[in-house]
Structures are given as structure tokens and as C-alpha cells.
Amino acid sequence: MHNTPWHPNAPQPAVTQANKPRAAPILRLSGVRFSLPERVLFENWSVDIAAGLTLVRGGDGSGKTTMLAMLAGDVPPAAGELTLKGVSLSTDPEAYHRQVFRADPRADTHDAMPVAHLFRAVEALHPGFSTTDLADLVAGFALQEHVGKSLSMLSTGTRRKVLLAAALASGAALTLLDEPFAALDRPSINFLHEVLTDAAHHPSRAFVIADHEAPAGMPLAACIDLA
């Protein structure tokens, strides 16, 4: 995946940061090189991702999902370093992954698992998991009748709501959400908008969403535009 030849004119993601006092970053990328099979996404790229809400913006095929996988440490960069709350991906990948929540809504990895078991599995992996937040999210997404079902029994929208509830309740320092509003009904879209607006002001968690455009009226710590 990372054998694409280096090109000196490889485009770099454009980063727009909010004009506010800078705190210590949640995630730091230093000198990162990352490629898709057909092109280099970025070369020798450094950026800080702060607490709050960051948007990775791009059209279909721009590399949004792949970038989230890279930030999660699931697909490590070819060069450079990712450091999450002082933990280096290259030197301590296990500790790095314990601070990240990413669930690919298109994957069938957990399809046989009942929803309640999935929530317990996420709680076991993430020390900051909040059962209080989970209860609020289950109610807000109207998931009460689905917690005893396996994920394979759920509609696409309901399955996405389950993964969103797990992600938002996880307490993970870095929470990665791929097109979180896709396939949701209108009440769930409104509820998620409220939750993410609150998350935008979180002092110690970074929420990174990949989407085509920024959700209207939602304050962003930064926007990363993929070429």
C-alpha cells in the first residue's frame, strides 16, 4: 500500500484551525508520509489535533476513510510519527490503540454479536467508558428495543446508531467517526447534532469526523481538507 513513489509536488491537506488559545494537542502527527495505491496523500506532513471536533473533509475517493484508519493506527504511515496523549504509535502500539475508538460502519466484524455484548466489550476495552452516557445515547437514538438483537438483524441506520452510541460513550481520547450522519433518520440526525455540538467543547477528547461537508452550525477546532 505504501510503495507509491514519492513526488515532490504531492499535495498536502489544507488545515484550517480555529482562532482560539492553543492547548496541548490530543494527537500529534510529525513528518508523516501516507499513500493510497494510486497516489501520495501527504508527504512530510505535521499537524496537531486538539480537543473538540475536527473535520476531515473530502469527496468520494479522496481518502477520508483511509485517513481515519491511519489516525487510528490500523494502517500505520510509511514514515513519521503519531503521538496520542504522549503515547507513540511506533513504540507502544497497544497503549496507543487503547486510547482510540474507531468502528468501520461498513465492516461485518461484529455482526454476530448482540448489541448489549458489543457495549460490554467496548466498556472492557476503554477505561473511560461511561454507562451514564450510554444510557442517554441509547435513549436518544431510540435503541432500547434493539439491545438484545445481534447487529446482523439491524437495519443499516440502526446498526450505525449502535456504533455511534458505543463510540461516544467509550471515553476514548481519540474518537473517529466516518460519515456519522449517513443513513440516520431525522430525529437521530438532530440528536447526533446536539451530541457532537457538546463534544466540540470537550476539554480532553478529540472527535474526528470524516464527511463531505461540515455539519451546519457546529463549532470546529480544525478542518482538514483532502486534495
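Predicted model: local features only at pLDDT ≥ 70, side-chain atom pairs only at ≥ 80, totals over all residues.
Student: Which strands are the edge strands of the open sheet?

Tutor: The open sheet holds six strands in the order 1-10-4-9-8-7, with mixed pairing. An edge strand here pairs on one side only. That description applies to strand 1 (14-17) and strand 7 (100-102).

Student: In which sense do strand 7 and strand 8 pair?

Tutor: Strand 8 covers residues 174-178, and Val-100 stands opposite Leu-174 in that strand. Strand 7 and strand 8 are joined over three bridges, and the sense of their pairing is parallel.

Student: At about what angle to strand 8 does helix 1 run?

Tutor: Helix 1 (residues 64-72) lies across strand 4 (52-57), strand 7, strand 8, strand 9 (206-211) and strand 10 (222-225). Relative to strand 8, helix 1 runs at about 160°.

Student: Which element gives the most to the lining of the largest pocket?

Tutor: Helix 2 (93-98), strand 7, helix 3 (115-125) and helix 5 (156-169) each supply at least two lining residues. With four residues, the element that gives the most is helix 3.

Student: How many residues of the lining of the largest pocket are nonpolar?

Tutor: The largest pocket contains about 470 Å³ of space and is lined by 20 residues. Phe-101, Arg-102, Ala-103, His-110 and Leu-125 lie nearest its centre. The lining includes four polar and five charged residues, while the number of nonpolar residues is 11.

How values were computed
Residues numbered from 1 in each chain as written. Heavy atoms only, no water. Pairing = 2+ DSSP bridges. Contact = heavy atoms within 4.5 Å. Axes fitted to C-alpha atoms, helices over the stretch in contact; angles between N-to-C directions. 1 Å grid on protein atoms, 1.4 Å probe; cavity = no way out; pocket = protein on both sides within 12 Å on 5 of 7 lines; lining within 4 Å. Points joined across faces, edges and corners; volume = space filled by probe spheres on them. Nonpolar A, V, L, I, M, F, W, Y, C, P; charged D, E, K, R; others polar.
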